[in-house]
Structures are given as C-alpha cells and as structure tokens.
Amino acid sequence: MIPPFVNNLFEVNAANFSNVAHEAFSFQYANNPVYQSFCKALKVNEGNMLPDREIPFLPISFFKTHHVVSTAFQPEAVFESSGTSQTVQSKHEVKSLALYEDSFFNAFELQYGNPENWCFLGLLPSYLERKHSSLVYMVKRLMDESQHPGNGFYLNEFDKLFEAMKLLETNGQQTMLIGVTFGLLDFAEKYRLNCYNTTIMETGGMKGRREELTRDEVHQQLKESFGVKAIHSEYGMTELLSQAYSKGEGLFHCPPWMKVLVRDEDDPLQIHTNGKGAINIIDLANLYSCSFIATDDVGEVYEDGSFRILGRMDNSDIRGCSLLAL
C-alpha cells in the first residue's frame, strides 16, 4: 500500500505541512498496529482532526520493544542504535532505502549543495565498529554520489586522516569531515590544521569515551585545532529517516518535511510549537514506521522552527548519537 502523498513528500512546505501530516497520521493509524493501540489508549481515533501538536507522539523507547511498522513488509534494511552493552538497542525497520536516500540527499542539498562538489571524510569509529548504522549508510552514499577519489572512512588512523586533509587543503578541495564527537576531539588533540576549505561536522556522541564537556567547550576546542570559525552539527537518530543541520552555535534547521515541537517534561501531552521542554519530532519520511516521535532529548524550539538541543532527559539511555548537554 502506497499512500498518494508519498510522491510529493519532499515538496512539502509550510503551507501544506499540516495537511500532509494528517494524511500520514491517518495512514499510520490504519496500518501501524502499535501506533493505533497507543492512540486508542489516549482516546484518539483516526476521525479526530487535530492540530499538529495534538497528534499522539509515540515514545521513542517503543523502537526497542516493538515492531514499529506501518503496513506489513520485508525490510530492505534494519538500522540499529548505538549504545552500551547494558542497553537495549532500538531497531528501525526500513521498507524503502530509496525513501531514506531521497530524504538525506534532499536535506543535504538544501543546506550544502550538490554532494558531487564535496569530498567526504568519515571519522566514525564507534559506528564503523558495528553493523547496521544509518549514519554510516548515509555517509557512504554521499561518498558514492561524490565519487571524489579522496573520499574515505577512518577508524583510528589519525596520521592518514591528517595527511589526507593536508592534501585536500593544498588542492583547494571543498571537503567535509564528518566525525563522532569523541573521535574529533581525540584527533584534534594530536593534530592542528588551519582549514580554509574543510567543514567540520560533529554528529554528537561521547558514549562514556571521554569526560563530558558542554557543546560550547567541544566546539571551542575544535575551532582552535582546525582554525575554523564554526563547527557544524548533524542531528539525526536511528529512529528517524531525516536529519537537521546546524552551521554553527548548535542552532539546527529542519528540512521542510520535518518539524520539531516541545512537550512539558511533567505532562507529555502538553505540547507547544516553541519554548523549552522535551523534544517531539514529526518526520514525514518515517512513512512506513511512525512519523510522530517523542524523543528523550531536551531542547528549545524557536518561533521560526529552528531549535537547540540542551541535553538528555533524566534516566534515558546513553546513546552514541546523543548530543552533549549545555
């Protein structure tokens, strides 16, 4: 079953976002048994015409304990979250990798232009050491699209990465170093390089590898080591097929088919379009899982839809993709 709006999913804009969100709600209510049961427990049914903020948001922990799927299908991929050996991993069953690729290619182009113009370097040790990472899949496909001979992943080969970055800088090649936070900090402690053509993008994640630092402290260290004015960031997670990007100061912007709201930490059914609180996300690309997710992150959403992540809720699991508290 393919809902009619899927072919225009990445043409969504502010004017029609709510209509498409309600179509997604109706589709998932009808075809996702887990989500339908959750809605019924809240006494919400498919016939209710609700503002975006009143559509039920499924707690993200359900991806650890249930098959969160809309329609029955054989998944093309199953992405798994990172975490410690003591945590249960989330699993996102992906019906269509093409839909995931459309989402991240479109989001990247909106912020950074054509991937063919970039060389991509991936410093993602914790992700490369395990299978089924949605982040590694995304970066690999960006590399495939780029086809630059300098593209490459680096586990702990800091010397090779440093030589690669120096060569790309000498050649004036527009480059993006995408790295897990602790990996970038480890690298930055050993090497310094003034980057004029390289964008440094951290994906979050300390995962007990280093002393916890605030985002400002992390970014200051990285700016000094790489000689850049701003550190970029990617906000994504296993349970989402879309990403938001920050070009500095931890201020994230969503693509048009993704929206961030906040809920009261003491009353999760009180949801607001702006302010501080726990983060709820509408990701329309999550068509065949659930588009309405209540995350464990805490943040602030501004009137223009941009947002910052301020930390994690108490007692939530440590996750490799989690961002640092301010």
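Two strands are taken to pair if DSSP finds at least two bridges between them. Strands (E, at least two residues) and helices (H or I, at least four) are DSSP runs, numbered from the N terminus. The structure is a predicted model, in which local features need pLDDT of at least 70 and side-chain atom pairs count only at pLDDT 80 or more, while totals for chains, interfaces and linings use all residues. Residues are numbered from 1 along each chain as its sequence is written, and side-chain values use heavy atoms, with hydrogens and water left out.

Strand E4 comprises residues 119–123. In E5 (residues 152–154), Tyr154 is the bridge partner of Leu123. E4 and E5 pair in the parallel sense, over 3 bridges. E4 also runs parallel to strand E6 (residues 175–179), to which 5 bridges join it. Within E6, Ile178 is the bridge partner of Gly122. E4 is mostly covered, with 5 of its 5 residues buried; buried denotes under 20% relative accessible area, exposed over 50%, and partly exposed in between (1.4 Å probe, protein chains only). The cover extends to both faces of E4: Cys119, Leu121 and Leu123 are buried on one side, and Phe120 and Gly122 on the other.

A search of the whole structure for disulfides (pairs of cysteine sulfur atoms within 2.5 Å) returned 0. Cys119 is accordingly in no disulfide, and the nearest cysteine sulfur, that of Cys195, is 12 Å away. For Cys195, the closest cysteine sulfur is that of Cys119, and the 12 Å between them is too far for a bond. Both residues are buried, Cys119 with a relative accessible area of 0% and Cys195 with one of 6%.

Helix H1 covers residues 17–31. The expected span of a helix is 1.5 Å times one less than its number of residues. For the 15 residues of H1 this gives 21 Å, and the end C-alpha atoms are 21 Å apart, in agreement.

Grid points are joined across faces, edges and corners, and a volume is the space filled by probe spheres set on the points. The largest pocket holds about 350 Å³ of space. Of the 20 residues that line this pocket, Met258, Lys259, Val260, Asp304 and Gly305 lie nearest its centre. H1 and E11 are the elements that give two or more residues to the lining, and E11 gives the most, with 4 residues.

The search also found 4 cavities of 30 Å³ or more. The largest cavity has a volume of about 160 Å³. Among the 18 residues lining this cavity, Ser134, Leu135, Gly236, Met237 and Thr238 are the closest to its centre. Helix H6 (residues 134–146) gives the most to the lining, with 3 residues.

Definitions and conventions
1 Å grid on protein atoms, 1.4 Å probe; cavity = no way out; pocket = protein on both sides within 12 Å on 5 of 7 lines; lining within 4 Å.
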